[in-house]
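Open the model in a viewer and keep the selection panel at hand. The tour moves from one selection to the next.

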Amino acid sequence: MSAPTDAQRMEKIVSLCKRRGFIFQSTEIYGGLNGAWDYGPLGVELKRNLKNYWWRMIVHERDDVVGMDGAILTHPAVLKASGHVEGFSDPMIDCRTCKAHLRTDQLVEKRGIKQCPNCGGKDLTEARQFNLMFETHVGAAAEESSVAYLRPETAQSIFVQFKNILEMSRKKLPFGIAQIGKAFRNEINPRNFTFRSREFEQMELEYFCRAEEGMKWLRYWLEERLNFYENIGIPRDRLHAREVPDDERAFYSKGTYDIEYDFPFGRQELEGVAYRTDYDLRQHQKASGKSLEYFDDETKERFIPHVVEPSAGVDRTILALICDAYAEDQAPNDKGEMESRIVLRFHPRMAPIKCAIFPLLKNKESLVTKAKEVVALLRPDMTVFYDESGAIGRRYRRQDEIGTPFGVTIDFETLGEKDPALRDTVTLRDRDSMKQERVSIQELPAMLRECIR
Ligand code: GAP
């Protein structure tokens, strides 16, 4: 059962993203470029945290995976061999009434008659295939021989560099090559905020193995990837592993799972985990005439490895993180009265700002000086935000809205004015429980580092 949709919640999330500098419509002052988004000061931190954590888990903390960073401009031969030039398309229909371009699966059907979802028009063109790749030209002459594509997925450069990386890294099967980077698709209808964009980022792993172990690694990577989402704060009960049925799967895949998430606009795909067999390497070997075989020193066998591919979207995961973190609740203000607050409950590991630092009063120099010392102490280890303006309660509210998990207040006790035993201690407040504890400044870096790692 799919979760109910909640358009109002989605509207509030989009508006918060703009107001607090997570995500802006690209080129907004010129009316916007459909399907392109810009990440603001907080969005870029959130994105970096996600990509860094993925890289750490997939590359740095494993012996069997290495990374690469391939070019976006792609030689047409690569995408001909992979099947993208011929087949990377969606069936498209135009509405003659409102001139909308639609994917055929977006049409609504009333009493057996297909209609335009925008205007209800029934005057529709025949379906035709629309290739989703962005084509460009390399060099000054715009002729057929200069055609190149903006890559529609990061995976192909991994396959094309397979032999180079195999030789230089001297890896033995099973092993993987990971990449994070931009991909481009001329989606017929970008929609649901950043969910379906024309420019987006992927985090892809191609994990090469022996044919007889393909299904085993498929199950392994599905589980790993579900654990990953839990580790960044998305609970398992809002994630769904959908086994893609035979008739929906790519013809070369022996098994594919979609990891789906309950977005406010419905249950949708976050990531695909696909067992792609030896299709890609075989295609590139055939088209390039270069051997992409693996040689097993022990058995003296030579063969094309199979591959399991977990392919995640950065932007979709960011959107899931924001949707999941968004909450409205009640919190006491400075007078102890309850008022409603918007809070983003990001996992501390993902939060753009880890700790906010407040001097109790901005016009008391000794408090300000001490607070700035705490900023300098924490800054090498984490993103911090210093704020001295307004009532403390209001300052906390501003941080709650951007998901800062910890807040530190420097008060007169910190200065040892009330009780010398409390000198150089601060109040540390937890965003979610709103519990406050007194901790020594010296202990703060280690304590917080442990929570944000
Ligand atoms: N190499 C396999 C591949 O690209 P895909 O299912 O087409 O597979 C993988 O894409 C992931 O990339 C998706 O699960 C999604 O997270 C992300 N993605 C694909 N198209 C996207 C789009 N138009 N906008 C945002 N993210 C997209």
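The stops below cover the ligand site and then a sheet.

This is a predicted model: local features need pLDDT of at least 70, side-chain atom pairs count only at pLDDT 80 or more, and totals for chains, interfaces and linings use all residues. Residues are numbered from 1 along each chain as its sequence is written, and side-chain values use heavy atoms, with hydrogens and water left out.

**The ligand and its shell**

Now colour the strands (E; DSSP runs of at least two residues, numbered from the N terminus).

**Contacts to a ligand nitrogen**

Show Glu153: a polar side-chain atom lies 2.6 Å from a nitrogen atom of the ligand. For Phe195, a backbone N or O atom is 3.2 Å from a nitrogen atom of the ligand.

**A sheet**

Select E4, E11 and E10, an open sheet of three strands in the order E4-E11-E10 with antiparallel pairing (at least two DSSP bridges between two strands). Its edge strands are E4 (73-74) and E10 (134-137), each pairing on one side only. E10 and E11 (residues 147-150) pair over four bridges. Finish at His137, whose bridge partner in E11 is Val147.

How values were computed. A polar contact is a pair of N or O atoms within 3.5 Å; within protein, one must be able to donate a hydrogen and the other to accept it, and residues adjacent in sequence count only if both atoms are side-chain atoms.
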